[in-house]
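Visitor: I have a model open here and would like to talk it through with you. Could you keep the answers plain?

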Amino acid sequence: MSVAGLKKQFYKASQLVSEKVGGAEGTKLDDDFKEMEKKVDVTSKAVTEVLARTIEYLQPNPASRAKLTMLNTVSKIRGQVKNPGYPQSEGLLGECMIRHGKELGGESNFGDALLDAGESMKRLAEVKDSLDIEVKQNFIDPLQNLCDKDLKEIQHHLKKLEGRRLDFDYKKKRQGKIPDEELRQAMEKFEESKEVAETSMHNLLETDEAARDGGQKEGSSSALAGPLQIEQVSQLSALVDAQLDYHRQAVQILDELADKLKRRMREASSRPKREYKPKPREPLDLGEPEQSNGGFPCATAPKITASSSFRSSDKPTRTPSSRSMRAGDSLDLPPPPAPLDQPSCKALYDFEPENDGELGFHEGDIITLTNQIDENWYEGMLHGQSGFFPLSYVEVLVPLPQ
């Protein structure tokens, strides 16, 4: 940083301290500017929260959202183009119904009904996926761009304006000790930044109030709604249109399913009811009883003679592995495992992979750690295979280097 730049930073810091600590008053901005600044702040908060709530509406399961975010991050790291989609609850329900419908078989009326309902649930999941894509392209992405570009640019202009105001107020307070040309330049830069910030906020907040009042007022810049305002309303309209289209298709799918189920009910009601006829029991021949213990023969107990008695040499000998070891006996144990010299963890539970790229393991496996994806997922190697797995399933033995 140049000497002039250091001096300017010193001026701004000194003025800020005198205002915060000493109670000095700086240059006041007009009420219209303050009102626009307040509206921009409210707009920024509204857009940020609406974005978050819209994503929750489309993807209500927080665990699935976190896992999907992690999978998308891994896909970007690995250069994969296709990312896994959000597991829609309708699709999961449909797969469950189809699986059990097939197990019940075609002879079961309930099994056939489950197959019909499962196929309809899977169609609903596809329609929900289309809703996700439509809302993301026409509502979420434009609002995210508004946050990342327009609102961020306004905050940059306001921050620059505040810095130039502090510089101008410091020099104005020391008028006479600072050259008039330097003070004039500081005032011009302050006015320039104020105009740029005002213009950017005006473009964001411009409404059609003048048009509703009956026309453009004399000296006003525009009588029609600003392009950003129209664009935001258009994006909200796109969200509603996508929801309407989703619900229309969902109603059509459910109407078709309801007709199929009613038809199956009528068919089942018209079928003659089959009566259950138990098979005749076959007589059970137990034979002639030989003893008085319920008719079952009992083997005769062998006689114990002197030749068949146990000898002392026939008794089982005790070994060091026996629980009742004598004092002084030594126990030969295998040597302890060698200390781990690389980042690793131990599996606490079995983990079955559900998505591409996940690493499966069993309880007790020692996994070599290679990378930490985020606070909930690790990447590691086991038996020559690499993949990622949840942190909650393992115990870290040797952590990754920071």
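Visitor: At what angle do the axes of helix H2 and H6 cross?

Guide: This is a predicted model, and in it the axes of helix H2 (residues 31–58) and H6 cross at roughly 50° and come within 10 Å. Because angles under 35 degrees count as roughly parallel and those from 65 to 115 as roughly perpendicular, H2 is classed as oblique to H6.

Visitor: And which hand does the crossing of H2 and H6 have?

Guide: The crossing of H2 and H6 is left-handed. On the H2 side the residues that take part are Phe33, Met36, Glu37, Lys39, Val40 and Thr43, and they meet Lys194, Ala197, Glu198, Met201, His202, Leu204 and Leu205 in H6.

Visitor: Staying in H6, is serine 200 buried or exposed?

Guide: Serine 200, which sits in helix H6 (residues 180–205), counts as buried, because its relative accessibility is 13% and the cut-off for buried is under 20%.

Visitor: What does the side chain of serine 200 reach?

Guide: The side chain of serine 200 reaches the backbone oxygen of alanine 197, at 2.8 Å. If neighbours within four places in sequence are left aside, serine 200 is in contact with Ile154 and His157.

Visitor: What about serine 193, is that one buried or exposed?

Guide: Serine 193 also lies in helix H6, and with a relative accessible area of 6% this residue is buried.

Visitor: Which side chain does serine 193 join in a polar contact?

Guide: The side chains of serine 193 and arginine 164 are joined by a polar contact of 3.0 Å.

Visitor: Okay, away from the helices now. Where is histidine 383, and what is its phi?

Guide: Histidine 383 is in the loop between strand S3 (377–382) and strand S4 (385–390), and its phi is near 55°, a positive value in a residue other than glycine. Most residues other than glycine have a negative phi.

Visitor: Is histidine 383 buried or exposed?

Guide: Histidine 383 counts as exposed, because its relative accessibility is 70% and exposed means over 50%.

Visitor: Last topic, the whole protein. How many helices and strands are there, and in what order?

Guide: There are eight helices and five strands, and from the N terminus on they run α-α-α-α-α-α-α-α-β-β-β-β-β.

Visitor: How much of the protein counts as buried, and what is its accessible surface?

Guide: Of the 402 residues, 27% count as buried. The accessible surface comes to about 29,100 Å², and 53% of that belongs to carbon and sulfur atoms. As for contacts between residues at least 6 apart in sequence, 61% of them join residues at least 24 apart.

Key:
Residues are numbered from 1 along each chain as its sequence is written. This is a predicted model: local features need pLDDT of at least 70, side-chain atom pairs count only at pLDDT 80 or more; totals for chains, interfaces and linings use all residues. Side-chain values use heavy atoms; hydrogens and water are left out. Helices (H or I, at least four residues) and strands (E, at least two) are DSSP runs, numbered from the N terminus. Buried means under 20% relative accessible area, exposed over 50%, partly exposed in between (1.4 Å probe, protein chains only). Contact means heavy atoms within 4.5 Å. Accessible areas come from the Shrake-Rupley method with a 1.4 Å probe; for residues, only the protein chains shown count as cover. A polar contact is a pair of N or O atoms within 3.5 Å; within protein, one must be able to donate a hydrogen and the other to accept it, and residues adjacent in sequence count only if both atoms are side-chain atoms. Axes are lines fitted to C-alpha atoms, for helices over the stretch in contact, and angles run from 0 to 180 degrees between N-to-C directions. Angles under 35 degrees count as roughly parallel, over 145 as roughly antiparallel, 65 to 115 as roughly perpendicular and the rest as oblique. A crossing is left-handed if the near helix is turned anticlockwise from the far one by less than a right angle, and right-handed if clockwise.
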